[in-house]
Amino acid sequence: MMERHVFIIGMPGSGKSSLGRRAANDLGLPYVDTDGRITACAGCPVTDIFALYGQEAFRHAETNVLIQLAGETPAIVSTGGGMILRDENRAIMRANGLILLIDRPLEDIMGDIKLDRRPLLAEKGLGEVERLYHERIGIYRSIADVVLRNDHGYHNAMIALEQFLKWQFSL
């Protein structure tokens, strides 16, 4: 049984949601996608939240989700790519769980990211992906307790994540 949350962080397109969801399912663990929780509460997709209320409102919603999670059963938690931008979010994650970075090379992300699903990237294109990568990668790496490389294919990353979770939590 997990004693703490596992917060999965990383760039958009790094594999946070797909790897986290599948590992939780395979291991019978609770799973939360912070963007999914926000959209369920708002009743509209992330792109609409950004368009209607702005980025700051979305960042505030992310903080609220983390505060809620602090009182819930530990889970595998896939976070949005910008979750780490606020000091408060980093502190909440640090106090309530283990922070796991899915570190995927920029060229791999750019090769298959779906820009239309990413509100910060949809208008600006691949140049924005590169800018965000260089802006955020240092933060991701500095706060991560564990780094899982996702540069040898999804299957290998999945095996590594499940092995880590089994070892960390004696599952």
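**View 1. The aromatic residues F50 and F58 are both buried.** Buried denotes under 20% relative accessible area, exposed over 50%, and partly exposed the range in between, computed with a 1.4 Å probe on protein chains only. The model is predicted: local features need pLDDT of at least 70 and side-chain atom pairs pLDDT 80 or more, whereas totals for chains, interfaces and linings use all residues. Residues are numbered from 1 along each chain as its sequence is written, and side-chain values use heavy atoms, without hydrogens and water.

**View 2. The structure contains 2 aromatic pairs.** F50 and F58 form a tilted pair, with 5.0 Å from centre to centre and 40° between the planes. Rings of Phe, Tyr and Trp (its six-membered ring) pair if their centres lie within 6.5 Å; planes under 30 degrees apart are stacked, over 60 edge-to-face, and the rest tilted.

**View 3. F164 and W167 form a tilted pair.** Their ring centres are 6.0 Å apart and their planes meet at 45°. Both residues belong to helix α9 (residues 154-169), and because they are 3 residues apart, about one helical turn separates them. F164 is buried, at 13% relative accessibility, whereas W167 is exposed, at 64%. Helices (H or I, at least four residues) and strands (E, at least two) are DSSP runs, numbered from the N terminus.

**View 4. Strand β4 (residues 97-103) is largely enclosed by the rest of the structure, because 7 of its 7 residues are buried.** Strands pair if DSSP finds at least two bridges between them. Strand β1 (residues 5-9) runs parallel to β4 and is joined to it by 5 bridges; I9 has L101 in β4 as its bridge partner. Strand β5 (residues 146-149) also runs parallel to β4, with 4 bridges, and I102 has L148 in β5 as its bridge partner.
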